[in-house]
Amino acid sequence: MNELYTYTLAFVMYNNHILMLNRHKAPWLGLWNGLGGKLINGETPKASIQRELHEEMGVFFDEHEIIDKGYLTWNTFEAHGQGIHLFVVELHEPLQMKFPKMTDEGILDMKTYDWIIDERNYGVAPNIKFFLEALLKKGRIHVHCVFEEDTLKHVDITSI
C-alpha cells in the first residue's frame with residue numbers, strides 16, 4: 001500500500017444497498033460518492049477511514065470490520081495527493097438511522113447497487129460505476145482514472 005496517498009474512501013454496504021454521500025463541497029460537489037476524507041499527519045489509512053466514518057456517520061467500526069480493497073489513482077484532477085485508499089465495510093444488520101440524513105459533509109442515503117451503476121445515472125461521481133463491481137467482488141485492486149480536464153476518459157483496473 002502506498003502511504004503517500006492522502007485520501008481515503010469507503011463504501012458501507014448492507015445487502016444490495018450502499019451508503020452514499022451527496023457531497024456539499026469539491027471534488028464531486030453535488031454528486032453521490034462513498035464516504036471518506038484526508039489522512040491527518042501520522043494516521044494510517046485504516047485509522048483515517050475509521051475516524052472519517054465515525055465523523056460522517058456517527059458510527060464507530062472496529063478495524064476488523066473495515067476491509068482494505070486497494071487504492072485509486074488519477075493522472076490529473078483538482079484534488080491533491082493523486083491517490084485514495086479504498087475500503088469496504090459489510091454490515092450484517094441495517095444501520096439504525098433514518099435516511100436521507102443531512103450532515104456537515106452532505107446528504108447520506110442508502111442507494112441500491114443497480115441505481116449507482118446505472119449508465120443513465122449522471123448524479124454519481126463518474127468513476128464509481130466503472131470500479132464498484134471490482135471493488136466489491138475482487139480482492140485488492142488498483143484503479144487508475146485518466147481525465148482530460150474534468151472529463152473521465154478511461155479507467156484501468158488491475159488486481160494487486
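Good morning. I begin with Thr73, which is located in strand 5, residues 66-74; strands are DSSP runs of E of at least two residues, helices are runs of H or I of at least four, and both are numbered from the N terminus. The model is predicted, so local features need pLDDT of at least 70 and side-chain atom pairs count only at pLDDT 80 or more, while totals for chains, interfaces and linings use all residues. Residues are numbered from 1 along each chain as its sequence is written, and side-chain values use heavy atoms, with hydrogens and water left out.

Is Thr73 buried or exposed? Thr73 counts as buried because its relative accessibility is 7%; buried means under 20% relative accessible area, exposed over 50%, and partly exposed in between, with a 1.4 Å probe and protein chains only. Beyond neighbours within four places in sequence, Thr73 is in contact with residues including Tyr5, Gln82 and His142, where contact means heavy atoms within 4.5 Å.

I turn now to the cores. A nonpolar core is a set of buried Ala, Val, Leu, Ile, Met, Phe, Trp, Tyr and Cys residues joined through side-chain atoms within 4.5 Å. The largest has 29 residues, and Phe11 and Ile128 touch the most other members. Among the elements that give two or more residues to this core are strand 5 and helix 3 (128-137). Helix 3 supplies the largest share, five residues. A second, separate core of 16 residues includes Leu19, Ile49, Phe87 and Met110.

Finally, the backbone. Phe99 and Pro100 are joined by a cis peptide bond, with omega about -5 degrees. Pro100 lies in the loop between strand 6 and strand 7.
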